[in-house]
Amino acid sequence: MTLKDISNGPDWVIWVVLVIFALLTVCLLTGHGENLISGYNTASQEEKDKYNIKKLCRVEGIGMLVITICIFIMAFWENMLPAITVYVFLGIIVVDCAAMIILGNTICKKGIIIENEKMFR
């Protein structure tokens with residue numbers, strides 16, 4: 001059984017989703033999508049100043065790139081991939097989202113590197 005056998009609906013929907021995710025990925029990787037990051041766009045200016053926005057956009061953009069690649073693989077090779085692939089990619093996406101949250105709250109904060117350097121002196 002392949003992905004094509006279990007998919008419902010028209011094929012163009014997955015391609016539209018892929019294009020949207022690709023545009024979001026490019027926007028984040030170029031550093032212009034900080035207003036698209038949930039939580040950052042609703043934070044106060046005081047809270048926003050705690051984050052390195054270039055690093056945050058890069059981390060979120062790389063995470064979105066992983067999701068975009070998974071969607072592309074499932075859309076392009078849906079006739080050949082087994083149905084179990086959905087669960088494998090779902091696991092990859094969940095781990096990727098967890099990594100984006102953890103990295104966004106650790107390495108993307110401004111004061112973290114300075115504090116770690118003080119510990120080793």
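Me: H2 against H4: is the crossing left-handed or right-handed?
Reply: Left-handed, meaning that the near helix is turned anticlockwise from the far one by less than a right angle. This is a predicted model, where local features need pLDDT of at least 70 and side-chain atom pairs count only at pLDDT 80 or more, while totals for chains, interfaces and linings use all residues. Residues are numbered from 1 along each chain as its sequence is written, and side-chain values use heavy atoms, with hydrogens and water left out.

Me: At what angle do H2 and H4 pack?
Reply: About 160°, with the axes 8 Å apart (lines fitted to C-alpha atoms over the stretch in contact; angles between N-to-C directions, 0 to 180 degrees). H2 covers residues 12-29 and H4 residues 53-76 (helices are DSSP runs of H or I, at least four residues, numbered from the N terminus). H2 and H4 are therefore roughly antiparallel (over 145 degrees).

Me: Which residues make up the largest nonpolar core?
Reply: Nine residues: Leu28, Ile37, Tyr40, Tyr51, Leu56, Cys57, Val59, Met64 and Cys108. A core here joins buried Ala, Val, Leu, Ile, Met, Phe, Trp, Tyr and Cys through side-chain atoms within 4.5 Å. H4 gives the largest share of this core, four residues.

Me: And what does Leu56 touch?
Reply: Ile37, Tyr40, Gly104 and Cys108, leaving out residues up to four places away in sequence (contact is heavy atoms within 4.5 Å).

Me: Gly61 next. Buried or exposed?
Reply: Buried, at 0% relative accessible area (buried is under 20%, exposed over 50%, partly exposed in between; 1.4 Å probe, protein chains only). Gly61 sits in H4. Beyond four places in sequence, Gly61 touches Thr25, Leu28 and Leu29. Its C-alpha is 9.9 Å from that of Ile37, 24 residues apart along the chain.

Me: How about Arg58, which residues is it in contact with?
Reply: Leu28 and Leu29, again leaving aside neighbours within four places. Arg58 is also found in H4, but is partly exposed, with a relative accessible area of 48%. From Lys4, Arg58 is 54 residues away in sequence and 34 Å away in space, C-alpha to C-alpha.

Me: Changing topic: where is Glu78?
Reply: In the loop between H4 and helix H5, residues 85-106. Glu78 is buried, at 14% relative accessible area.

Me: What touches Glu78?
Reply: Thr2, Leu3, Lys4, Ser7, Asp11 and Ile73, not counting residues up to four places away in sequence.

Note on methods: Helices (H or I, at least four residues) and strands (E, at least two) are DSSP runs, numbered from the N terminus. Angles under 35 degrees count as roughly parallel, over 145 as roughly antiparallel, 65 to 115 as roughly perpendicular and the rest as oblique.
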